[in-house]
Amino acid sequence: MEIAYLLTAILAILELFEAWMQKAPTLLGVMQRLYKWYEKSIFLFFLMHPAFYFVLFVVLATDRLNAYMIIILSLKIFDLFYKIELIKKIFLQKTVPQELAAMLEWQLPSWFFLTGVLLYPPLLFYGLQ
């Protein structure tokens with residue numbers, strides 16, 4: 001049981017790091033911050049998402065692949081590849097549909113970046129039970 005608390009706390013810390021790393025006033029600002037890492041190396045971009053790798057480690061180390069773990073992994077994979085697609089559209093192809101351009105300028109509330117911290121650690125904790 002203590003290991004579940006420890007792993008959940010580590011994931012929460014990693015999610016806080018990711019939230020801090022991506023924090024910006026708009027979605028375009030978030031994408032610009034991520035593009036800086038992507039521009040240096042796509043591998044560096046992937047390394048800036050340590051919570052994903054930690055969840056993979058937990059799945060392998062604990063040998064638990066239940067619905068909670070699958071949900072976490074699915075959301076994390078979708079999030080990573082959606083960010084990559086947005087980076088390609090915005091910065092590389094420079095073909096942003098007008099609706100997406102308007103969305104990129106929306107102001108993000110400060111709690112928006114904490115959704116990962118509020119979502120993933122509880123799912124991990126339940127997945128380890």
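Q: What makes the order of elements in the protein α-α-α-α-α-α-α?
A: From the N terminus on, the elements are α-α-α-α-α-α-α, and the secondary structure comes to 7 helices and 0 strands. Helices (H or I, at least four residues) and strands (E, at least two) are DSSP runs, numbered from the N terminus. This is a predicted model, where local features need pLDDT of at least 70, side-chain atom pairs count only at pLDDT 80 or more, and totals for chains, interfaces and linings use all residues. Residues are numbered from 1 along each chain as its sequence is written, and side-chain values use heavy atoms, with hydrogens and water left out.

Q: Why is Thr26 called buried?
A: Thr26 has a relative accessible area of 11%, and buried means under 20%, exposed over 50%, partly exposed in between (1.4 Å probe, protein chains only). Thr26 is therefore buried. This residue, Thr26, sits in the loop between helix 1 and helix 2. Beyond its neighbours within four places in sequence, Thr26 is in contact (heavy atoms within 4.5 Å) with Leu104, Glu105, Trp106, Gln107 and Leu108.

Q: Why does Ile71 count as partly exposed?
A: The relative accessibility of Ile71 is 39%, so Ile71 counts as partly exposed. Ile71 belongs to helix 5. From Ile71 to Gly127 there are 56 residues in sequence and 9.7 Å in space, C-alpha to C-alpha.

Q: How do you know that the span of helix 2 is close to the one expected?
A: The expected span of a helix is 1.5 Å times one less than its number of residues. Helix 2, with 14 residues, reaches 20 Å from its first C-alpha to its last, close to the expected 20 Å. Among the buried residues of helix 2 are Leu28, Val30 and Tyr38. The buried residues of helix 2 pack against helix 1, helix 3 (42-47), helix 5 and helix 6 (98-104).
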